[in-house]
Amino acid sequence: MFDNIVITGFADEIDPFLDRQMEVLEKLHISHIEMRGVDGRNLVEYSEAEAKEIKRRLDGRGFSLSAVGSPLGKIRITDDFTGHMELFKHTVEIAHIMGTPNIRMFSFYGPEESKSCGETADSRGGGTCPWRDAVMERLGQFADYAAAHEVVLLHENEKGIYGEMAEGCLDILKQFAGEHFKAVFDFANFVQAGQNTLEAYERLKPYIAYIHVKDALFEDGSVVPAGQGDGSVAEILGRLKGDGYSGYLSIEPHLSDFTGFASLERGGRIGEKLSGEEAFTLAHDSLLKILEKL
């Protein structure tokens with residue numbers, strides 16, 4: 001078994017409403033949430049007073065946040081940054097209220113008419129990304145503010161952003177990694193970008209501080225339960241264990257359209273979508289099966 005890890009997850013994939021999220025997590029003996037959606041809105045859209053009420057509800061049932069699952073950095077590099085920076089500052093205050101230092105974030109999409117740098121220049125070792133400097137300037141503002149306000153930015157690799165491939169992520173991390181800027185490793189997102197996950201892990205492992213558990217297929221990018229795709233989830237979790245990783249494994253199912261389980265468990269009614277609870281439970285159980293063998 002993999003010791004020194006805490007299982008958490010995106011509970012808004014269970015249900016939009018927090019009470020229902022907590023009910024299902026209690027069944028699965030999970031007491032942490034990577035909070036993104038709460039009662040139909042993103043957590044960072046709430047006022048500080050409203051966030052305190054959400055925290056009161058979580059405390060009342062023994063839940064803590066592993067991270068704020070923010071959308072920061074998930075805008076185009078040509079979009080206005082002033083308002084986004086204000087959202088960033090507000091998110092930092094939300095994180096303080098919610099009792100977590102961790103804020104998940106991204107590194108910007110390219111212009112509308114362009115491909116991401118991740119699939120063109122820097123990720124494959126040639127050329128220069130035309131908007132790299134703008135990405136770094138904006139991330140630098142995030143990083144400086146995070147250090148000054150004692151939060152930890154967790155950069156997630158995501159298809160289409162500057163940090164889509166391992167090379168782009170490494171470029172960012174060499175610039176900013178430290179006590180207040182670390183890496184999220186997301187298996188499925190790398191697969192969907194065409195990145196070999198084993199190669200990505202070996203290149204990024206000094207910076208990895210948080211894991212998103214979902215898997216995907218190279219063939220069409222579809223998300224599947226952990227261990228059933230091309231993300232080498234079991235092998236990488238084994239390497240993480242061997243490398244002494246301790247921290248969060250965050251379940252992000254993305255399985256509402258996965259019909260294989262529905263076919264098996266619902267008397268063969270192929271094509272019926274999973275409920276949020278079923279999808280989250282399937283993702284949870286798939287992870288546990290892998291962990292039990294480590």
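This is a dialogue on how to read some features of a predicted model.

Biologist: What should be known about the model before reading it?

Modeller: The model is predicted, so local features need pLDDT of at least 70, side-chain atom pairs count only at pLDDT 80 or more, and totals for chains, interfaces and linings use all residues. Residues are numbered from 1 along each chain as its sequence is written, and side-chain values use heavy atoms, with hydrogens and water left out.

Biologist: What is pLDDT, and where does it stay under 50?

Modeller: pLDDT is the predictor's confidence in each residue, from 0 to 100. Where pLDDT is low, the predicted coordinates should not be read in detail. The protein has a mean pLDDT of 91, and 89% of its residues reach 70 or more. The value stays under 50 over residues 119-126 and over residues 259-270. In the model, residues 119-126 have 22 contacts beyond four places in sequence, and residues 259-270 have 14; contact means heavy atoms within 4.5 Å.

Biologist: How many helices and strands are there?

Modeller: Helices (H or I, at least four residues) and strands (E, at least two) are DSSP runs, numbered from the N terminus. The protein has 10 helices and 12 strands. Of the contacts with a separation of 6 or more, 75% are between residues 24 or more positions apart.

Biologist: How is a residue called buried or exposed?

Modeller: Buried means under 20% relative accessible area, exposed over 50%, and partly exposed in between, with a 1.4 Å probe and protein chains only. Of the 294 residues of the protein, 54% count as buried. Phenylalanine 142, in helix H4, counts as buried because its relative accessibility is 0%. Not counting residues up to four places away in sequence, phenylalanine 142 touches Gly73, Phe81, His84, Met85, Phe88, Met105, Phe108 and Leu153. One of these, phenylalanine 88, is 54 residues away in sequence, with 7.5 Å from C-alpha to C-alpha.

Biologist: Is leucine 204 buried or exposed?

Modeller: Leucine 204 is buried, because its relative accessible area is 3%. The residue lies in helix H7 (residues 197-204). Beyond its neighbours within four places in sequence, leucine 204 has contacts with Ala166, Cys169, Leu170, Leu173 and Phe190. Glutamate 167 is 37 residues from leucine 204 in sequence, and their C-alpha atoms are 9.1 Å apart.

Biologist: What makes a phi value stand out?

Modeller: Most residues other than glycine have a negative phi. Glutamate 150 is not a glycine, yet its phi is positive, about 55°. Its place is the loop between helix H4 (132-148) and strand S7 (152-156), and it counts as exposed because its relative accessibility is 53%. Histidine 254 also is not a glycine and has a positive phi, of about 50°. That residue is in the loop between S12 and H9, and is partly exposed because its relative accessible area is 38%.

Biologist: Which side chain makes a polar contact with that of glutamate 252?

Modeller: A polar contact is a pair of N or O atoms within 3.5 Å; within protein, one must be able to donate a hydrogen and the other to accept it, and residues adjacent in sequence count only if both atoms are side-chain atoms. The side chain of glutamate 252 makes such a contact with the side chain of arginine 36, at 3.5 Å. Glutamate 252 lies in the loop between strand S12 (247-251) and helix H9 (260-265), and counts as buried because its relative accessibility is 4%. Arginine 56, in helix H2 (residues 48-60), has a side-chain polar contact with the side chain of glutamate 53 at 2.5 Å.

Biologist: How is a cavity found, and what lines the largest cavity?

Modeller: Rolling a probe the size of a water molecule over the atoms shows where empty space is left. On a 1 Å grid over the protein atoms alone, a cavity is a set of points where a 1.4 Å probe fits but cannot get out, and lining residues have an atom within 4 Å of a point. Grid points are joined across faces, edges and corners, and a volume is the space filled by probe spheres set on the points. The count comes to one cavity of 30 Å³ or more, and the largest cavity has a volume of about 40 Å³. Its lining includes Glu252, Pro253, Val213 and Lys214.

Key:
1 Å grid on protein atoms, 1.4 Å probe; cavity = no way out; pocket = protein on both sides within 12 Å on 5 of 7 lines; lining within 4 Å.
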